[in-house]
Amino acid sequence: MQAQLEEGTKRPGTQARGAGLTVTNAVWIATALLHKKHPGRRGFEREEIVKLVLKLELTDGEEGSIQQHVRQHSVANKKPQPNTVCMLFDPGGGLRRLYRTGDEVYPGRNAARTHPKWEELPEQYGHLRRWYEEEWNGAAAGQAADPLLALIGSGKAIWQDEPADEYVARLREGWDDRP
């Protein structure tokens with residue numbers, strides 16, 4: 001068996017007969033399709049993504065390789081071992097979703113590589129480019145900031161030269177003297 005693996009022969013039952021995509025690109029396509037089908041979901045089980053890659057026969061990569069890409073290699077907020085792309089994000093609970101601009105990136109990862117090269121996307125999945133740029137990633141980049149969170153630190157210059165308690169006490173001076 002080891003000799004077969006060294007010669008490049010893949011074990012039966014562990015590969016997809018694919019569209020010739022890299023495992024990374026296949027995982028991105030499957031995850032994007034899941035997002036389009038289930039837009040309200042926070043993320044997807046790792047096995048759910050792997051099963052869709054295999055079902056659609058997106059790659060010739062072995063199932064173990066697909067699992068590893070979903071678990072670690074393509075995940076922006078996981079230690080790069082060895083891949084550095086940021087196509088997926090781990091929101092917690094064992095889920096995976098597509099990366100969005102502004103998501104946490106583990107040091108050493110390449111946040112510039114967040115999707116397949118568009119010219120490498122098979123024609124039948126070309127619609128995913130517009131969806132990703134305009135709806136998925138565009139929605140994240142265009143979201144208005146939380147107005148309350150935007151106020152954090154905005155008043156620090158007011159009491160920069162005096163402690164906050166002293167500033168408030170100074171403002172309240174004479175309040176008891178009002179009619």
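**Figure 1. Packing of α2 against α4 in the predicted model.** In this predicted model, the helices α2 and α4 pack at an angle of about 65°, and their axes are 10 Å apart. The crossing in which α2 passes α4 is right-handed. On the α2 side the contact is made by Val 23, Thr 24 and Val 27, which meet Ser 65, Ile 66, His 69 and Val 70 of α4. Sorted by class, the residues of this contact comprise 4 nonpolar and 3 polar residues, with no charged residues.

**Figure 2. The crossing of α3 and α4.** The axes of α3 and α4 come within 9 Å of one another and cross at roughly 135°, an angle that makes α3 oblique to α4. As α3 passes α4, the crossing is right-handed. From α3, the residues Arg 46, Glu 47, Ile 49, Val 50, Val 53 and Leu 54 take part, and they meet Glu 63, Ile 66, Gln 67, Val 70 and Arg 71 in α4. The residues of this contact divide into 6 nonpolar, 1 polar and 4 charged, whereas the contact of α2 with α4 has no charged residues.

**Figure 3. The largest nonpolar core and the surroundings of Tyr 132.** The largest nonpolar core has 32 residues, and those with the most contacts inside it are Val 27, Trp 28, Ile 29, Leu 58, Leu 98 and Tyr 132. Two or more residues are given to this core by each of the elements α2 (23-37), α3 (46-56), α4 (63-73) and α5 (127-142). The element that gives the most is α2, with 8 residues. Leaving aside neighbours within four places in sequence, Tyr 132 is in contact with Trp 28, Leu 98, Tyr 99, Thr 114, His 115, Trp 118, Asn 137 and Gly 138. In soluble globular proteins, nonpolar side chains tend to be buried together.

**Figure 4. Glu 57 in the loop between α3 and α4.** Glu 57 has its place in the loop between α3 and α4, where its phi is near 55°, a positive value in a residue other than glycine. The relative accessibility of Glu 57 is 28%, so this residue counts as partly exposed.

**Figure 5. Pro 82 and Thr 84 in the loop between α4 and β2.** Pro 82 is found in the loop between α4 and β2 (88-89), and the peptide bond that joins Gln 81 and Pro 82 is cis, with omega at about -10°. Thr 84 also lies in the loop between α4 and β2 and, with a relative accessible area of 30%, is partly exposed. Thr 84 and Gln 72 are 12 residues apart in sequence, and their C-alpha atoms are 9.9 Å apart in space. When its neighbours within four places in sequence are left aside, Thr 84 is in contact with Gly 108, Arg 109 and Asn 110.

Figure 6. Of the 179 residues of the protein chain, 35% count as buried. Among contacts in the protein chain with a separation of 6 or more, 62% are accounted for by residues 24 or more positions apart.

Terms used
Residues numbered from 1 in each chain as written. Predicted model: local features only at pLDDT ≥ 70, side-chain atom pairs only at ≥ 80, totals over all residues. Heavy atoms only, no water. Core = buried A, V, L, I, M, F, W, Y, C linked by side-chain atoms within 4.5 Å. Buried < 20%, exposed > 50% of the residue type's maximum accessible area, 1.4 Å probe, protein only. Helix = DSSP H or I, 4+ residues; strand = E, 2+ residues; numbered from the N terminus. Contact = heavy atoms within 4.5 Å. Axes fitted to C-alpha atoms, helices over the stretch in contact; angles between N-to-C directions. Parallel < 35°, antiparallel > 145°, perpendicular 65-115°, else oblique. Left-handed = near helix turned anticlockwise from the far one by under 90°. Nonpolar A, V, L, I, M, F, W, Y, C, P; charged D, E, K, R; others polar.
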